[in-house]
Amino acid sequence: MLNSRTEVEKLTIKHRRPDLYRLLLKVGAKFIGLKDVRLSDVKVDQGIYPRESTDWDRVEIYAEAMENGDVFPPILVASDPENLLVDGNHRYNAARKFGAEFAWAEEWDIPRPYIKIIAQAANTEVSNIDTPLSGKEKKKAIIEDWQEGIRDIGLIAQALKTTVSYVRKVLSRAGLIKDRKEQMKERAKELKEQGLSSRQIAE
């Protein structure tokens, strides 16, 4: 059982998920603070979460643990839209099932275009403490990020704990970008039409 706010702060993203903390700072998000949030005031938008469904068995396990006095990390909420749940869907549902009225929340001011990618990154754990995203969920997340205007392939790869080449491959197969070989062929064709020799094109 945690006895102080300081002990709760040790469970914040900065200490628990430094990878996610660095990503938040990279996209220009600002930490606002810890607060008690009324669960009925939390806004849930299933469209921003990368998982296809809620694991209700896990919710049940979490609710039982809460009933036994276990303390969980604060949920992550955005300040705009106010109290939008960005991470902690299972903790949020467990707290409701347990009958809690309030939950600890870590509030961040996250630029709106990046809320979804932060939710994805929060669900991409660096260890085996959580179920990793399935291949299907990861591919879907990559495609959605691109379609919603995230053009930084490196950022998408960082958020989803994958490689730039994998992100490129997914986007290419989805017909959203041309792969490098295709781009090189097109460029070679353009240069040939301009009268350059094969040697000049290769150079």
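1. Helix 7 and helix 9. The axes of helix 7 (residues 135-147) and helix 9 (residues 164-173) cross at roughly 75 degrees and come within 10 Å. The two helices are therefore roughly perpendicular (65 to 115 degrees; under 35 is roughly parallel, over 145 roughly antiparallel, the rest oblique). Axes are lines fitted to C-alpha atoms, for helices over the stretch in contact; angles run from 0 to 180 degrees between N-to-C directions. Helices (H or I, at least four residues) and strands (E, at least two) are DSSP runs, numbered from the N terminus.

2. Basis. This is a predicted model: local features need pLDDT of at least 70, side-chain atom pairs count only at pLDDT 80 or more, and totals for chains, interfaces and linings use all residues. Residues are numbered from 1 along each chain as its sequence is written, and side-chain values use heavy atoms, with hydrogens and water left out.

3. Helix 7 contributes Gly-135, Lys-139, Ile-142, Ile-143 and Trp-146. Helix 9 contributes Tyr-166, Val-167, Val-170 and Leu-171. Contact means heavy atoms within 4.5 Å.

4. The loop between strand 2 and strand 3. Pro-81 lies in this loop, between strand 2 (75-78) and strand 3 (84-87). A cis peptide bond joins Asp-80 to Pro-81, with omega about 0 degrees. Asn-83 is in this loop too. Asn-83 is not a glycine, yet has a positive phi of about 60 degrees.

5. Lys-161. This residue is found in the loop between helix 8 (153-159) and helix 9. Lys-161 also has a positive phi, about 55 degrees, and is not a glycine. Lys-161 is partly exposed, at 34% relative accessibility.

Terms used: Buried means under 20% relative accessible area, exposed over 50%, partly exposed in between (1.4 Å probe, protein chains only).
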